[in-house]
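Please read the notes below with the sequence and the model open side by side. They are set out as numbered points.

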Amino acid sequence: MEKLEFQFKAASATPAAGTALCGVVGSGNLEILIRPGEPADTCQVHIRTSARGFGRIWEAVIAEFAARHPVGGTRIDINDMGATPAVVSLRLSQALGDYTGGAQ
Amino acid sequence: MNARQPFTLRRSWFEATARARLQALLDPASFREFLPPETSEPSPHLAVLDIPGAFDDGVIIGAGRLDGREVLVIAQEGQFMGGAVGEIHGAKIVGLLKRAQRDKPAAVLFLADSGGVRLHEANAGLIAISEIMRAVLDTRAAGVPVLALVGGSCGAFGGMGIVTRLCSAVIMSEEGRLALSGPEVIETVAGVEEFDSKDRALVWRVTGGKHRYLTGDCAALAEDEAADFSRVAAQLLAGWQEDVPSLAALRAEQARLSTRRTRFAGLRDGLDVWAALGVAEPGQVPLMDRDSLVDLKKGLPQ
């Protein structure tokens, strides 16, 4: 298992729910928990992944996500069981959709 | 497909996650989770082994309404480590069952989807399973029925197979499976001549929902759909009288099981068992729909 932590600056998210959870820690899948975090212009990401040595890819996928969406003022926790970058991107969008009450 | 026929969305129980099953099973917006993911903790045992845990440790507990009745619910997530029971997972289930003994809901619905003990957690997992068994019996003794709903990809095996049969009644779909040792375990221990775990049709003929319904281990068959599990559970609960476990009842059950063991001894396949039960064309059973099978069972000699 590898633990990774990243921080990105982003415009503030507007939560509709207190927290949002999506996905399951199953093979090739991951679960994402989004909840309010400090400060309002920062997105903190904490990852536990079963696949070692992919830190730079995680960073790129999440940086791209943070650039596309207003995700400031959140803390995102991820438990991963070997999801591909595409699955990670989709789950992040899904989790943020649930958190902000937007697209399901 | 006929384009003019309206498309109906089926919510497969087998394919759904535990959370999706709960949302679809209970009355809309009635589910309230206890120890939600943000307050629960992943397994410390898995962390020591360098394996990522799940926030809810693979089980969701809470309260909701089924057809207007207040119920408590337990839902195991089969996709996380095969729904296996670890220490936190087990503690959440036991806590929920103790709450049921205190609050006396109309029922506890136990959505089982598990291969049994989480071997990574060794003794902690074994103890958790035995605590769940005791808690199920205590809950029933307190007059609260515990219904097991089995239709997930992991079925109910090992310790969870025992827990499932300790419940007041079992509802299964054809896709669900219920047994003690899993197919791979039997093949590993006794050899492929004894049991070929790759033969999926055979696996379902000896552990699947239809077999368990014919042998009486499961009280009712549901379609592989959340709405149908919901309907069948509500139907079963209407007018349910939870019998307080007694020594006499246990002895009678033991006698029934001993007779059954002698009666079916030496039979190698579900097909043989169904023939022994009086099914005229056992080969047709796997092809039958739910309602036809229910009718077939009604016509069998008791």
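1. Basis of the notes. This is a predicted model, in which local features need pLDDT of at least 70 and side-chain atom pairs count only at pLDDT 80 or more, while totals for chains, interfaces and linings use all residues. Residues are numbered from 1 along each chain as its sequence is written, chains are lettered from A and ligands numbered from 1 in the order in which they are written, and side-chain values use heavy atoms, with hydrogens and water left out.

2. The annotated serine. UniProt, in an unreviewed entry, lists A:Ser27 for "modified residue: O-(phosphoribosyl dephospho-coenzyme A)serine". UniProt positions are given in the numbering used here, feature names are shortened, and such annotations may be inferred rather than shown by experiment. In the model, A:Ser27 sits in the loop between strand S2 (20–22) and strand S3 (30–36) of chain A. Helices (H or I, at least four residues) and strands (E, at least two) are DSSP runs, numbered from the N terminus. A:Ser27 counts as exposed because its relative accessibility is 75%. The classes are buried (under 20% relative accessible area), exposed (over 50%) and partly exposed (in between), with a 1.4 Å probe and protein chains only.

3. A:Asn79 belongs to strand S5 (residues 74–80) of chain A and, with 2% relative accessibility, counts as buried. Its side chain makes a polar contact with the side chain of A:Glu31, at 2.9 Å. A polar atom of the A:Asn79 side chain also lies 3.1 Å from the backbone oxygen of B:Gly53. A polar contact is a pair of N or O atoms within 3.5 Å; within protein, one must be able to donate a hydrogen and the other to accept it, and residues adjacent in sequence count only if both atoms are side-chain atoms. Apart from neighbours within four places in sequence, A:Asn79 is in contact (heavy atoms within 4.5 Å) with residues including A:Val25, A:Arg48, B:Ala54 and B:Phe55.

4. Two helices of chain A. How are two packed helices described? By the angle between their axes and the distance between the axes. Helix H1 (residues 55–68) and helix H2 (residues 85–100) of chain A pack at about 35°, and their axes are 10 Å apart. Axes here are lines fitted to C-alpha atoms, for helices over the stretch in contact, and angles run from 0 to 180 degrees between N-to-C directions. From H1(A), the residues that meet H2(A) include A:Trp58, A:Val61, A:Phe65 and A:Arg68; among their counterparts in H2(A) are A:Pro85, A:Val88, A:Leu92 and A:Leu96. The residues of this contact divide into 9 nonpolar, 2 polar and 2 charged. Ala, Val, Leu, Ile, Met, Phe, Trp, Tyr, Cys and Pro count as nonpolar, Asp, Glu, Lys and Arg as charged, and the others, Gly among them, as polar.

5. Other sites in chain A. The peptide bond from A:Glu38 to A:Pro39 is cis, with omega near -15°, and A:Pro39 lies in the loop between S3 and strand S4 (42–49). A:Ala17, in the loop between strand S1 (2–9) and S2 of chain A, is partly exposed at 29% relative accessibility. Not counting residues up to four places away in sequence, A:Ala17 touches A:Asp98 and A:Tyr99.

6. Positive phi in chain B. B:Leu35 has a positive phi of about 50° although it is not a glycine. B:Leu35 is in the loop between strand S1 (32–34) and helix H2 (44–48) of chain B, and is partly exposed at 43% relative accessible area. B:Asp67, also not a glycine, has a positive phi near 50°. B:Asp67 is in the loop between strand S2 (59–66) and strand S3 (69–76) of chain B, and is exposed at 56%.

7. Buried positions in chain B. B:Gly62, in strand S2 of chain B, is buried with a relative accessible area of 0%. Beyond neighbours within four places in sequence, its contacts include B:Phe31, B:Phe34, B:Val73 and B:Leu96. In helix H7 (residues 200–207) of chain B, the buried residues are B:Leu202, B:Val203, B:Arg205 and B:Thr207. They pack against strand S6 (169–173), helix H6 (183–190), helix H8 (209–214) and helix H11 (270–276) of chain B.
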